[in-house]
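Work through the exercises below with the sequence and the model side by side, and try each task before reading its solution.

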Amino acid sequence: MIEVIDLCKNYGDRKAIQNLNFKISAGDVVGLLGPNGAGKSTTMKIITGFMAPTTGVAKICGFDVFENPLEVKKRIGYLPEQPPVYLDMTVQSYLEYVSDLKLVDRQFKKEYLEKSLIKTQLLSVRHRMIKNLSKGFKQRVGIAQALVSNPEVLVLDEPTVGLDPKQVAEVRELIKELRGNHTIILSTHILSEVQATCNKVIIIHEGRIVAQDDIDKIEKLNQGIMTVSIKTKIDKSLEDLLRGMSDVLDVEKVTNTYYRVKMSDRGQSLDDLAHLVINSGAGLLEMSPQNENLEDVFLKLTYGEQKGGAL
Amino acid sequence: MKLIFVILIKELKSLFLSPLFYLITFLATILMGITYSISVWNFSQTLANTMLTMMGGQTQQQNIHYVVFVPHLSLLNLIYIFVVPALSMRLISEEKKNRTFDLLLTSPVTSAQIVIGKYLSLLVVNFGLAAICLVYVFIAARMFEFNIIPTVLALIGIFLCGAAYAAMNLFASSLTESAMISFFVGIVLNIGIWIVGGLTDLMDQPILKSIFEQISLNSHLQPLIEGVVKLNGMVFFMSVVFIFCFLTERVIESVRWRA
């Protein structure tokens, strides 16, 4: 459905993206994950035909974005970082305008418009001027305009940015509902968003893809490593003692009674650690192990092994 | 073609829903009404004086076209010079500022269709203002007997000036995200094209004189004011419109490469 081959984009001397290669199948929800300035928005702008790449090819539904831009644009719904809304229009007239721009067949126009209003819960404000709507509603109008042509591919650039937690949850729920009906690619730097909505993830850093796979497989990249939080009763420094243990990779001393220990998970490791703390006489108050998740993988891949380990 | 129409209708709707449009047409009507009344009164006075003089044996021809309608149409030209930038300033610059340009550039619409749609919306408004102007001419035609054709041709000439301003001002709007900068650049371009014509007299060399004469708006408008249609005049107006619409299209298209 989406195919990107050796995509590069330079802004003068600065390389925004370098040799990106990925394929997205129909029905997938893919998260383009990366820190700010990683090249996510640039990639999306190229995929939508907004911007030309320096070199490389991007194909949507088999059509080259720059050889057949009009065919590609008919099949894409795009939500940029800032929703592209006309403030002096009502929600309904704006969506009608967008569906006309997207050349939606007259017989489906009304049906698609109603569906997009229902999906984005905008029915109650359909006759209101967009300038009078809250930021959350404007964002929903932005999503509705991406949906109004019932596109095969949805490209959402940071769809939850600037929304309150309730609105974020609603937008995520909406994306989940759209799964299967559309191929969705969404960019974000929020990990929980990818975990909540996507089945695949592409991690991009400094313009390069550092990992791409199913979300479960990515999380397993760091399998076998866990972080254990330890709280003790007595104020006694255990840092050197913990570092001396064979399975321990790193120790973070939060206070004299609270430590975060990164260690390999060998089955017996937790027992050994518990014994060590109890035998030290500090008194074990609490011990909670946590397996490494997507966040750890992300930090490791983007900010490097050392920093990722320390965090 | 359908997409040009979609953009044209959208722009007309936002123009007609804007209080600025109604304020402009209201002020234009008031101005035209006042100056027209004064012109007609002056004309009647001059005519009465002429008749008295004729009785004394002297003859002096008076022409309603030059005394009443040419000043009336000059006012329309002046209105165009300041109103067209005010109407066009938002057309592209605001799309860029509000990021709605992203929507246009990711829709199956070409840059040329965007420019033509927006340009036609300006022409429709220009036509509306010219139609207001024409009302006074028709009222006069019902009251007096005179040849209306030269006046209509002169009005077409002024309308073509307005069409040239529209193209230049749309180009100004494409250059910036600020509506105010676009407005001022538009006015400078509109006045500038008249100043270029004024430089003709300052040129000593015949070639330069000829060049400046050919790019002078005034030298191409003058025959139409006098009721004469010249092909080179038509070609000049069409060329200005085409060149500036083409430049606007290039600026829009360049966003894809410069962004």
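The model is predicted, so local features need pLDDT of at least 70 and side-chain atom pairs count only at pLDDT 80 or more, while totals for chains, interfaces and linings use all residues. Residues are numbered from 1 along each chain as its sequence is written, and chains are lettered from A and ligands numbered from 1 in the order in which they are written.

**Exercise 1. Trace the open sheet of chain A and state in which order its six strands lie.**

Step 1. Helices (H or I, at least four residues) and strands (E, at least two) are DSSP runs, numbered from the N terminus, and two strands pair if DSSP finds at least two bridges between them. On this basis the order in chain A is β6-β7-β8-β3-β9-β10, with mixed pairing.

Step 2. The edges are β6 (76-79) and β10 (208-214) of chain A, each of which pairs on one side only. From one strand to the next, the twist averages 15°.

**Exercise 2. Describe how helices α3 and α5 of chain A pack, and list which residues make the contact.**

Step 1. Two packed helices are described by the angle between their axes and the distance between the axes. Axes are lines fitted to C-alpha atoms, for helices over the stretch in contact, and angles run from 0 to 180 degrees between N-to-C directions.

Step 2. Between α3 (residues 91-101) and α5 (residues 135-147) of chain A the angle is about 30°, and the axes lie 9 Å apart. Therefore α3(A) is roughly parallel to α5(A) (a term for angles under 35 degrees).

Step 3. Contact requires C-beta atoms, placed from the backbone, to lie within 7 Å. The contact residues are A:Val91, A:Tyr94, A:Leu95 and A:Val98 on α3(A), facing A:Val141, A:Ala144 and A:Gln145 on α5(A).

**Exercise 3. Summarise chain B: how many helices and strands does it have, and what percentage of its residues is buried?**

Step 1. Chain B has 11 helices and zero strands, and its C-alpha atoms fill a box of roughly 75 × 50 × 30 Å along the principal axes.

Step 2. Of the 259 residues in chain B, 36% are buried (20 or more other C-beta atoms within 10 Å of the residue's own, with C-beta atoms placed from the backbone).

Step 3. Among chain B contacts between residues at least 6 apart in sequence, 79% join residues at least 24 apart.

Key:
Buried ≥ 20, exposed ≤ 12 C-beta atoms within 10 Å, placed from the backbone. Contact = placed C-beta atoms within 7 Å. Parallel < 35°, antiparallel > 145°, perpendicular 65-115°, else oblique.
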